[in-house]
Amino acid sequence: MGGSRRANLRLLLFCAPALIVYFVFKLIPAVSGIGYAMTDWNGLSQDYSFVLFDNFIAVFSDTYFWRSVWFTLKYVAVMVVVANVIALLLAVAIESRRRAKGVYRTIFYMPNMISMVIGGYMWMFIFTQVLYYMADNWGLTFLDHSWIGDPHYSFIAIIIVASWSTVGYLMIIYMAALQGVPADLLEAAQLAGANSRQCFFRVTLPMILPAVTICIFWTLNSGFQVFDVIYALTGGGPGRATQSVAMNIYEEAFRGNIRYGYATAKSTILFVIVMVITLIQLKVMKSREAEL
Amino acid sequence: MKRKRRISGAIVHTLLIIAALFWLAPLLLALMNSFKTNGELLTNVMSLPTELNFENYERTLDKMNYFRSLGNTVLLSGVSVTLIILFSSVAGWKLCRTKTRLSKFIFGLFVFSMLIPFSSIMIPLYRVVLALKLKNSLLGLALVYAGLGVSMAVFLYHGFVKGIPAELEEAAQMDGCSQLQVFRYMVFPLLKPITATVCITNVLWVWNDFLLPLIVISDSRKYTLLLSTNTLFGQYSSDWTAILSALIIAALPVIVFYALFQKQILKGISEGALKG
């Protein structure tokens, strides 16, 4: 017993630096956030009172918040499909080539290195200047839309920029998985008379399923927290038409009328959503592993 | 059959080239137009610049205080990542080597908190920053990044240490080395591959993070590259040549970093993702 106490003491000593910063900047905010969510605190005044679940009840009738939730859900659903399909197509196409694999990989991954804020502003130039030029001078009139001002088109614009930025990341994971598919397995399938589509859906796809799971949940997780790309492109506008949950919280807490308690109640709801998704992910991956 | 395959190969190749051009378009268009005058840009955004004039760059270097913002970003990322590596390597190692209920609990705590999304803690975190008087302090912000980053890094180090046999460390301890010495001279060098992964993923994260500096830093002398680019965009929203040149120089450091360490970055990314 004395030995294990000494071991624990040593453990604490070695973990102390990590534990201290972790407690101060992550755990305490996470726990105190739930506490703040039950107050009517405005972030400035010293006195505030506990209102228990009033904030949560108010959130339920907050149309702007639920609109931002709906927008985020739409964004996440489209991104999960679009980004993953493009990434997988690119990965398969690049892996099927004998030469220039490295060049393509470099090009498609590059946007992921650049911040979405910078990438977003570069695309802003395309949406507000280049596309009009192409519509006027090259006769491509289908490009002649208010890409930033019209909520319908700005949603498409946001998806384009977000895909441009994240597809490379997903593609790298898919490529790593594709390289793990044994070549003799594919050869055997080909000898057995399978065409390339059958080979892909019957052999390759089942083999890379773990990577598909990782990528889908990564897109889900980062999608629910989307902020940068929308901030750069539309700022959540026009009005609040393209506001995501993270933006809605940011605005509530740091712009205009500061309602900290209320904003933390929203944060808590976001936390619960993301946590449920992650727990489902862990469960799915565990059962997959058990199958293999 | 063979001919069919060759044709489909050609189609795939053509599509790949088109996709690659699409992917490069924003960078190329920004670069191309950053050398023009505003008049030239407005008449034709698709033409090559008539001459390479760096006047826009001179303007924006000055306007966005480029070198100061760059220095701030380097300092911020450097200190944050150093802290993350120092704190989490020793913690991950010790957590893996100690087999008690407490070690399991602490490890579980780190892993659990990886689920907490940043946007759900940003408001109370801002309170902590204010209370500790860290607002507008780059070193303070580095501490915050350390706090947010250690859990993932501890998890990665913990996993890596599992694969290293403990016998050597025990033998060295018998010979009278202190635990810190064992770690410093024996274990840490062995952790190099995972340290590289932790370093790369965290440098990229801190370098490209926007929301946290946006909240914590309001003093323009402490601006990171992204913050000063953002401010410039707000101030000169119709002066496209200024904005585009600013975007190019803001993206330049990461592109150089990418060119230098591409292999390690791509390896680190896929490893970090598949393990994390």
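Me: Is B:Cys96 buried or exposed?
Reply: B:Cys96 is buried, at 6% relative accessibility, where buried means under 20% relative accessible area, exposed over 50% and partly exposed in between, with a 1.4 Å probe and protein chains only. This is a predicted model, in which local features need pLDDT of at least 70, side-chain atom pairs count only at pLDDT 80 or more, and totals for chains, interfaces and linings use all residues. Residues are numbered from 1 along each chain as its sequence is written, chains are lettered from A and ligands numbered from 1 in the order in which they are written, and side-chain values use heavy atoms, with hydrogens and water left out.

Me: How many disulfides are there over all chains?
Reply: The count is zero, taking a disulfide as a pair of cysteine sulfur atoms within 2.5 Å. For B:Cys96, the nearest cysteine sulfur belongs to A:Cys15 and is 11 Å away.

Me: Switching to rings, how many aromatic pairs over all chains?
Reply: There are 30, where rings of Phe, Tyr and Trp (its six-membered ring) pair if their centres lie within 6.5 Å, and planes under 30 degrees apart count as stacked, over 60 as edge-to-face and the rest as tilted. One of them joins B:Phe233 and B:Trp240 edge-to-face, at 6.1 Å centre to centre with 75° between the planes, and both residues are buried.

Me: Which residues do ring pairs link into a cluster?
Reply: The cluster holds A:Tyr104, A:Phe108, A:Trp123, A:Phe127, A:Trp164, B:Phe22 and B:Trp23.
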